[in-house]
Amino acid sequence: MPMSAEFAERLLPLLPDLVASYDTPFHIYDARGIVATHEAMVRAFGNAAYRQYFAVKALPNPNVLALLRAAGSGFDCSSAVEVRLARAVGAQAGDIVFTSNNTALSEYRLARAAGALITFDDRSFLKKVDELPETVAFRISPSGLTAGCALMGSAAHSKFGVPVHELAGAYADAVARGARRFGIHGMTLANELDTGRAARAAADVIRTGARIADEAGIELAYVNVGGGLGIPYREDDKPIDFTAYAEEIIAAKEEYFGAGGPRILTEIGRYVTGPHGVLVSRVINRCRKGHEIAGLDASMSSLMRPALYGAYHHISLPYAKGRPLGRFDVVGALCENLDKFAIDRELPEPRDGDLAIVHDTGAHGHAMGFTYNGRLRPAELMLTDGGDVVEIRRAETYDDYTATVRWEALARTGA
Ligand SMILES: *Cc1c(COP(=O)(O)O)cnc(C)c1O
């Protein structure tokens, strides 16, 4: 979906100067939009005991994390490096949820030392750890109505979570090992745009939590309903109604736990930052190869989603309005035929030198970048609330690319 009118109004007048000062391509994020989205989410839960933990993997730039922390957000981390990033911007005990999969003991220990709320992804792991955290939570393996959407894979082969019928036993094990506080975690969605379905999935987790707590004779301090809310990538997609989503969650909590009951946690990433970022690049090669092609100076090293999932990202040419429309493949420079931002996309006739904006890159964009083929990751900029532009990560260089090479080994490995 095209960037919000507010982001466009603030960004577009600055673009000519920005592309003169910073080489394209770069991602730029709207600080105001990110904070406003977080605040609206918190408002939607009203007086209910609720906290949102931003899924760090969506946009792991410390400048963005610091902004969210200042707005009261916690962090959802799934690796040791993400825990360290969260700590680096000041996250304290209780400000981190650690929801990992196939976890190494060392990562678990780091998360425990950071005072994170840890979700155990499998029951066997409980036996391996030397010391339990203060609060023990298990992840529910996806099953039933809401399991198995395309991005999550099939429920029968899910690698995530503890099967529902083993959960009560898992909590009993934890009790036997001395655990006294408990949470539960469930996440069965990915990029879900249907508000009703998202709310039913969350209600499912709450209902299962109430039943398991009853069976295991424990009290739940929190229910974490995960992330996975979608954003409207396509122009005709409808956004999630977050207020309705929150109201249904509150209603489900009252239905299954009565007044009071556990705190509700979310660990949402994409919905918070996704719409508030764009990738700015330039057309460098307009050519015809049976079909029309516009080659950008960005490639899938800056944004992997179209190539990886065939994901749709809106593309606009801000200075090409009024030109005749045509259909174009918009491609990157990688030696991979799937390095395309769009296939057969209707656009005003692009010309060499045109700026091209790829929209909705604020989540799982730069973060999924890579350096295959020596195509390096671009800079990240932030448009601050006050309207300044700050570089929050520079573009990678040859020196970064080779920083981990043991050049001195040439003496032993060279001919
Ligand atoms: C990826 C992930 C999230 C965040 O997902 P979004 O789609 O960005 O909201 C939250 N929790 C877990 C366990 C995840 O794997």
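**Cysteines, a helix pair and a buried glycine**

Cys77 is buried in this predicted model, with a relative accessible area of 0%. Across the structure, the number of disulfides is zero.

Attention may now turn to a pair of helices. Helix H8 spans residues 164-176 and helix H9 spans residues 195-216; their axes come within 9 Å and cross at roughly 45°. H8 and H9 are therefore oblique to each other, and their crossing is right-handed. On the H8 side, the contact involves Val164, Leu167, Ala168 and Tyr171, which meet Thr208, Arg211, Ile212, Glu215 and Ala216 of H9. Sorted by class, the residues in this contact comprise six nonpolar, one polar and two charged.

A further site of interest is Gly365, found in the loop that links strand E15 (355-359) with strand E16 (379-383). Despite this loop position, Gly365 counts as buried, with a relative accessibility of 2%. Leaving aside residues up to four places away in sequence, Gly365 touches His27, Ala58, Ser302 and Leu303. Thr397 lies 32 residues from Gly365 along the chain, and the C-alpha atoms of these two residues are separated by 19 Å.

Key:
Residues numbered from 1 in each chain as written. Predicted model: local features only at pLDDT ≥ 70, side-chain atom pairs only at ≥ 80, totals over all residues. Heavy atoms only, no water. Disulfide = S-S within 2.5 Å. Buried < 20%, exposed > 50% of the residue type's maximum accessible area, 1.4 Å probe, protein only. Axes fitted to C-alpha atoms, helices over the stretch in contact; angles between N-to-C directions. Helix = DSSP H or I, 4+ residues; strand = E, 2+ residues; numbered from the N terminus. Parallel < 35°, antiparallel > 145°, perpendicular 65-115°, else oblique. Left-handed = near helix turned anticlockwise from the far one by under 90°. Contact = heavy atoms within 4.5 Å. Nonpolar A, V, L, I, M, F, W, Y, C, P; charged D, E, K, R; others polar.
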